[in-house]
Amino acid sequence: MNHKWMSQLPLLLAVIVSGSANAAIKIQDWGKGPEAEQAKLITLESSSLRVQLTNYGARIVSVEAPDKTGKRADVVLGHANLQQYIDDPKDYFGAIVGRYGNRIAKGTFSIDGQTYHVPPNNNGNALHGGPDGFSRKMWSVITGTDSAEFTLISPDGDMGFPGMLAVHVRYSLHGNRLDIEYSAQTTKTTVVNLTNHAYFNLAGEASGDVLQQRLRLDANRYTPVGDTLIPEGNLPEVAGTPFDFRKLTAIGERIGADDTQLKRAGGYDHNWVLNGRLGLLHEAAFAEERVSGRTLIVLTTEPGVQFYSGNFLNGSVTGYSGLAYQQHAGFCLETQHFPDSPNHPSFPSTLLKPGETFRSHTALIFGVSNGAR
Ligand code: GAL
């Protein structure tokens, strides 16, 4: 039985189990949020994966995936209970981040000549929607037999963003594939950039660092950053740099290289410009851990992916199994539009107008390999 589940046994007020041949779903009460809103813990189970979600931040709590011998481990980082998620505003474990995932320089941008300010929460910049972003909201949820759809109404002026934004995020599980589909509509022209902030460790949560795990990114270019991790605006080639992940490479192989970009971020914390066509679901990333054989394929319709190597984890936060997460205990692959796009007209636009529907789709496929790939 999962530890997170067990630790909340006294709080279980309702358990609903339904199922189909392919998947089953279970919904439990999971405590109360800061304003006494009801949190839920939702378990989706297929023949190969067991995925837990919560409406606090519309987040992934755990993903239990088999290794090459069939032994399961939770391959995402997370906390033991709701209160620990509430008490951790800086790690965004498994959360949906928005209204603007990633950074907006100085939290300031303009639309149609009007300037808007999001309260800065990261070195003078707005990160992941500001201090009270979507990751800290209790979303509403409806469930199907193999899916959970989370909805959030972000009011006009929420964290300084214009327009009321209605956001839907739907997770659905089919076999070894977890799809995440996003949509949003606004009442005034605004900016939107939504992503999921899961940290992966394919050897298992709290198994140590991910430096030996190997990664491939389908990207020829990336967006270098300045001192506060805001893109400088250029899109140089990755060729000949430690940012070249076009061939499967261990995350730790070049992370300590004498490179200004790596030093600024304390490792990898950059946006790669994906080669696939914007709006078409394409493979952005592939990762593998050779001992367990576990693999992860990330497909997305987004133009970029922020590969973050867990640089700011420093042992101060404890994961659900009670062990501290040290630096590089997990890696994130945040499929997204580029950071600070509202201030870079040359980047793909993040503007959303009334009458339009924002759509984005990312799929996570958890497999096992014999190392041949
Ligand atoms: C990432 C961001 C990192 C760090 C992390 C959360 O998306 O790029 O700099 O803030 O979130 O700790």
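Colleague: Is leucine 229 buried or exposed?

Modeller: Leucine 229 is buried: its relative accessible area is 6%, and the cut-off for buried is under 20%. Keep in mind that this is a predicted model. You'll find leucine 229 in the loop between strand 20 (219-223) and strand 21 (249-250). Its backbone is worth a look too, with a positive phi near 70° in a residue that isn't glycine. Most residues other than glycine have a negative phi, and most peptide bonds are trans.

Now hop to another loop. Asparagine 102 sits between strand 7 and strand 8, and it has a positive phi of about 75° without being a glycine. Asparagine 102 is buried as well, at 2% relative accessibility. Arginine 99 is in that loop between strand 7 (96-97) and strand 8 (103-104), and the peptide bond joining glycine 98 to arginine 99 is cis, with an omega of about 5°.

Next comes the ligand. Arg103 is one of the residues around it, along with others including Lys90, Tyr92, His197, Tyr199 and Glu334. Sorted by class, that shell has 5 nonpolar, 3 polar and 4 charged residues. Let's go through some contacts. The side chain of arginine 103 has an N or O atom 2.7 Å from a ligand oxygen. For histidine 197, a side-chain N or O atom is 2.8 Å from an oxygen atom of the ligand. Glutamate 334 has a polar side-chain atom 2.7 Å from a ligand oxygen. On its own, the ligand has 310 Å² of accessible area, and the protein covers 97% of that.

Last stop: strand 24 (residues 294-300), where 7 of its 7 residues are buried. Both faces are covered, with Arg294, Leu296, Val298 and Thr300 on one side and Thr295, Ile297 and Leu299 on the other. What does strand 24 pair with? Strand 23 (residues 282-288) runs antiparallel to strand 24, over 6 bridges. The two form a hairpin with 5 residues between them, and glycine 293 in that turn has a positive phi of about 80°. Strand 28 (residues 358-368) is antiparallel to strand 24 too, joined to it by 7 bridges. Leucine 296 is a handy landmark here: alanine 287 stands opposite it, and its bridge partner in strand 28 is phenylalanine 366.

Notes: Residues numbered from 1 in each chain as written. Heavy atoms only, no water. Near = heavy atom within 4 Å. Polar contact = N/O pair within 3.5 Å; in protein donor to acceptor, adjacent residues only side chain to side chain. Areas by Shrake-Rupley, 256 points an atom, 1.4 Å probe, with all protein chains shown as cover. Nonpolar A, V, L, I, M, F, W, Y, C, P; charged D, E, K, R; others polar. Helix = DSSP H or I, 4+ residues; strand = E, 2+ residues; numbered from the N terminus. Buried < 20%, exposed > 50% of the residue type's maximum accessible area, 1.4 Å probe, protein only. Pairing = 2+ DSSP bridges.
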